[in-house]
Amino acid sequence: EANNHTHARKWLRKAVEDGNSLDGMHWLGVMDEYGLGIEGANFSSAAAWYNRACCTTSEQQHSDAAYKLGLLHAYGRGFNQDVRRALNLFQQAAVQRHAGAIYYIGVVHLYGHGGVPINYDVARAWFKKAETATQGMGFFSEKAEKARRELEQSVAIATASNQKVVDM
């Protein structure tokens with residue numbers, strides 16, 4: 001299996017060298033992040049590949065690379081945790097309708113990560129967008145729908161409880 005990963009790295013590097021392949025850059029980032037074909041994970045190198053694929057000045061940008069670089073920042077993998085930087089990267093991927101990025105924007109607003117103010121209406125709107133997003137992993141649409149429904153139910157229960165207190 002290691003030989004297969006080493007071989008894949010070689011061909012991905014060749015693709016990048018030959019045509020500045022955004023997909024190749026993204027997959028080299030994945031391989032570095034998970035230590036495939038190398039000795040252990042290398043978050044710095046993964047971030048560099050993701051950054052090249054998503055944050056170049058070219059008109060084409062890889063939404064999966066922006067999302068994955070955002071996750072590295074959000075969870076502090078290879079960096080000091082920086083949720084605001086992650087949010088910017090998620091928003092960049094969201095423009096291309098990346099379901100995972102859109103979902104995580106909702107999560108950031110739901111819980112107020114990184115000093116972002118908690119805002120249930122904003123979180124709900126992002127979850128609703130993630131339900132119908134076209135790029136990224138399909139299970140994020142289901143996670144977003146579940147999160148939106150649970151949030152709406154919690155808000156309804158809290159509103160009803162508050163009304164009972166007011167009526168007393």
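Biologist: How much accessible surface does the chain have, and what share belongs to carbon and sulfur atoms?

Modeller: About 9700 Å², with 51% of that belonging to carbon and sulfur atoms. The areas are from the Shrake-Rupley method with a 1.4 Å probe, and for residues only the protein chains shown count as cover.

Biologist: What kind of model is this?

Modeller: It is a predicted model, where local features need pLDDT of at least 70, side-chain atom pairs count only at pLDDT 80 or more, and totals for chains, interfaces and linings use all residues. Residues are numbered from 1 along each chain as its sequence is written, and side-chain values use heavy atoms, with hydrogens and water left out.

Biologist: How many helices and strands are there?

Modeller: There are 8 helices and 0 strands. Both are DSSP runs numbered from the N terminus: helices are H or I with at least four residues, strands are E with at least two.

Biologist: What box do the C-alpha atoms fill?

Modeller: Roughly 70 × 30 × 30 Å, taken along the principal axes.

Biologist: And what percentage of the residues is buried?

Modeller: Of the 168 residues in the chain, 39% are buried. Buried means under 20% relative accessible area, exposed means over 50%, and partly exposed is in between, with a 1.4 Å probe and protein chains only.

Biologist: Which residues have the most contacts inside the largest nonpolar core?

Modeller: Tyr50, Tyr67, Leu69, Phe90, Tyr103, Tyr104 and Phe127, in a core of 46 residues. H6 gives the largest share of this core, 9 residues. A nonpolar core is a set of buried Ala, Val, Leu, Ile, Met, Phe, Trp, Tyr and Cys residues joined through side-chain atoms within 4.5 Å.

Biologist: Take Tyr67. What does it touch?

Modeller: Leaving out residues up to four places away in sequence, Tyr67 touches Phe90, Ala93, His98, Gly100, Ala101, Tyr104 and Phe140. Contact means heavy atoms within 4.5 Å.

Biologist: Back to H6. How many of its residues are buried?

Modeller: 12 of its 13 residues, so H6 is mostly covered. Tyr103, Tyr104 and His109 are among them.

Biologist: Why does His109 count as buried?

Modeller: Because its relative accessibility is 13%. His109 lies in helix H6, and beyond four places in sequence its contacts include Leu87, Val116, Pro117 and Trp126.

Biologist: Where is His73, and is it buried or exposed?

Modeller: His73 is in helix H4, residues 63-75. It is buried, with a relative accessible area of 10%. Not counting residues up to four places away in sequence, it touches Phe79, Asn80, Gln81, Asp82, Val83, Arg85, Ala86 and Leu89.

Biologist: Switching to H2: how many residues does it have, and how far does it reach?

Modeller: H2, residues 22-33, has 12 residues and reaches 16 Å from its first C-alpha to its last, close to the expected 16 Å. Of those residues, 10 are buried, including His26, Asp32 and Glu33. After H2 comes Gly35, whose phi is positive, near 70 degrees.

Methods:
The expected span of a helix is 1.5 Å times one less than its number of residues.
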